[in-house]
Amino acid sequence: MLLFKKIRQWPKLVWHWIFLSLFLLLIVGLAWPSYAWTQANVKQMATRHNSKMSPVIMIPGSSANESRFDSLITTINNTDHQNHSLLRLHVYSDGTIKATGSIRPDDHEPFIVVGFENNADGYDNIQKQAKLFGQAFKQLAKKYNFNNFKGFGHSNGGLIYTDFLEHYFDDDQITMKRLMTVGTPYNFAENSTSRKTQMLADFIKDRGAIPTDLVVYSVAGTENYDNDSIVPIKSVAAGKYIYQGQAAQYTQITVTGKMAQHSELLANPQILDLMTRYLLDPVKTNPKKTTTRTYHDDDPTNTLDNNK
Amino acid sequence: MQRTLVILFPFALFGAFAQVFAASFLSVGGFFGSIFNVDAWLPHYEALRVLFEDLSQLTLGMLTVAGAFQAAKYTAKYYHKDDQMAGLTGAIGYSLIFFHHTTTENGIAVEMRYYDYHWLLVGVLVGYGVGRLFRRFGQSEDATAADPDLILNRAFLAMRPILITLFWALILHTGFAFLRYAKIDQYITMGVQNLANQKASLPVTFGAAWLTTILGWFGFTGPLAYTSKISEIEIWDNLDMALSKGNSWQAPHPYTALSLYHSFGTFGGTGALLALLIGLILLSRSRNSRLVAQWSFFPAIFNAGLPIMLGIPILLNPLFFLPFTLIPLINMGLAAGAIALRWMPPVVYPVPAGTPGPLVAFIGTNGNFAALIFGISLLVIDVLLYWPFIRLTENVNQHLRKEAV
């Protein structure tokens, strides 16, 4: 009690200094955890920023699973000799994820295929799958620290991508560079765009959330003059109401003839060509260094200066 | 008029406390939220945040409406008119001018943007106008005061000024609705921001900061809330370069708003008020000032400076105009000098919301200790700069009191 009384009799000046030192102590005390946080934060950002990985994240259509693109990817590897690695994710309806395959550490352009336990058709299932894909994407981004990626969706996979872009893709450190959808029925099985399904109407309503720097290719197949035996070309073409004018570029490509059936599209060499040309990053070929040149070079603008 | 604003002090204080808790402690992007991972261990943290946000929404968020009430009431009282009626009319009139609602699936959503403290000056002016209307058309105090039976009579007598207020408010409301319909209000805000969004040269950064502090002194920070959005391109440029190089020394735009104003000009909110608070607590002879300063200190650590603006008051107080608008600029000048002399790197990395003032530069330079020491020294310098003005204010107040006696 006596001590307490004594303390209360301290002059104001002492109180002021106690107050001031408490404040300084607080600032300095907070400085240490701040230091740890900012170091970790900047390191993570730098890792992402300087990452060279640019995966292709693929979503198969309804009733297909994460192995749907296996043969497609094998063919791509046989063609461009880049030895892309392949990671398959199986997303259960409760959000847990099972992975098969792996990403080679030095692979700049791996393929990641995301399949769902609930791979049923229908708008409400698409919405569920888009939400699950959003969760899987977050985990992928956290684990592999890429700063950009490309998307590929076959059939309803393109719908899942669209729903994902409009509602679950909000990472400002990651850019989606390109999206290619193949045979994606933006208006389901409707033959005419004057009858908009609920899904298309929703997609158009929320299109403002689609990144404006995204380049989109929508590929349609036609066996006859109006469908690929499953999806009407009018439904694929309805994608323009979602992406055109919102995304940086929107290109519509139609593949016809043999192997333009909805499910065969993935084995179609033309699609393969479109993928390597538009979706994948251009293959860097080391130009052969020639030390001797003749007048008969292919390029007539060549100079004869060989010392360069 | 300042006296009317002092009434708002407790609301601003509680609002500021709630805001600090919501923004700094309970949000994922906030200072404590990021550093101590609050969301990972605190149960129901989101619900708690919503609670505090609600509290701040109805105090800070409605402050301008309350300001209109006070201004109208005080003006009417000054002219010996029915002040209660005037106050209510002022508050409703202001609300009506900026009322905007949209029907949603669950009912009606009202836009609150123009009711919060950023627009205090507008609210006070509207309230003053309503008070003047009551002076011309209202009944005098003694006619309204006494008899409880006459209360209805009192209401009828106030009919005319109320009608006139509502009429004009409705006209302004319609005009504003047209502006909003044409999205002109957004264009203006964007235009102002684009104007400030030029290359982050020294004059632009300083000019924009000065404009912000001057408007802040008037209590009007609406369209020019000098956010980090301004000069965003430079900030991204800087971050891009710093992440590639691994440090921020070679940032292409060293004198951005983030680097100077947000890191060194806003300790304790607009006007570097944290220094004033320390000065008041240490040096003030007035018990009231010290009390106000002590209460306002906690939110001010996290840069919520509104309580002290109303409590002392700083708002529209000519004695504090010079330090309030110039000390942030002096800080920025010294910081620019320190960056130019390469004592410390420019601030380029992201800083969580609600970071205590002197720590902003420390975090934003990825933990550069020179920046921390520099920040604390600036605080000391600011206290010394505010000192003469604290003394001046006290002397003037004493003089006024003597004169009154």
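Reply: In this predicted model, the helix pair to consider is H7 (residues 83-97) and H8 (residues 120-137) of chain B, whose axes come within 9 Å and cross at roughly 130°. Because angles over 145 degrees would count as roughly antiparallel and those from 65 to 115 as roughly perpendicular, this value makes H7(B) oblique to H8(B). The crossing of H7(B) and H8(B) is, moreover, right-handed.

On the side of H7(B), the residues that meet the partner helix are B:Ala86, B:Thr89, B:Gly90, B:Gly93, B:Tyr94 and B:Ile97, while H8(B) brings B:Gly123, B:Val126, B:Gly127, B:Val130, B:Gly131 and B:Phe134. By class, the residues of this contact divide into six nonpolar and six polar, with no charged residue among them, where Gly is counted as polar.

Among the contacts in chain B between residues at least 6 apart in sequence, 73% join residues at least 24 apart.

Turning to the neighbouring chain, 18 residues of chain B are in contact with 17 residues of chain A. The elements of chain B that give two or more residues to this side are helices H3 (31-35), H14 (232-245), H16 (273-283), H20 (357-364) and H21 (369-404), and H20(B) gives the most, with four residues. The side of chain B that touches chain A has 13 nonpolar and five polar residues, and no charged ones.

Notes
Residues are numbered from 1 along each chain as its sequence is written. Chains are lettered from A and ligands numbered from 1 in the order in which they are written. This is a predicted model: local features need pLDDT of at least 70, side-chain atom pairs count only at pLDDT 80 or more; totals for chains, interfaces and linings use all residues. Two residues are in contact if their C-beta atoms, placed from the backbone, lie within 7 Å. Axes are lines fitted to C-alpha atoms, for helices over the stretch in contact, and angles run from 0 to 180 degrees between N-to-C directions. Angles under 35 degrees count as roughly parallel, over 145 as roughly antiparallel, 65 to 115 as roughly perpendicular and the rest as oblique. A crossing is left-handed if the near helix is turned anticlockwise from the far one by less than a right angle, and right-handed if clockwise.
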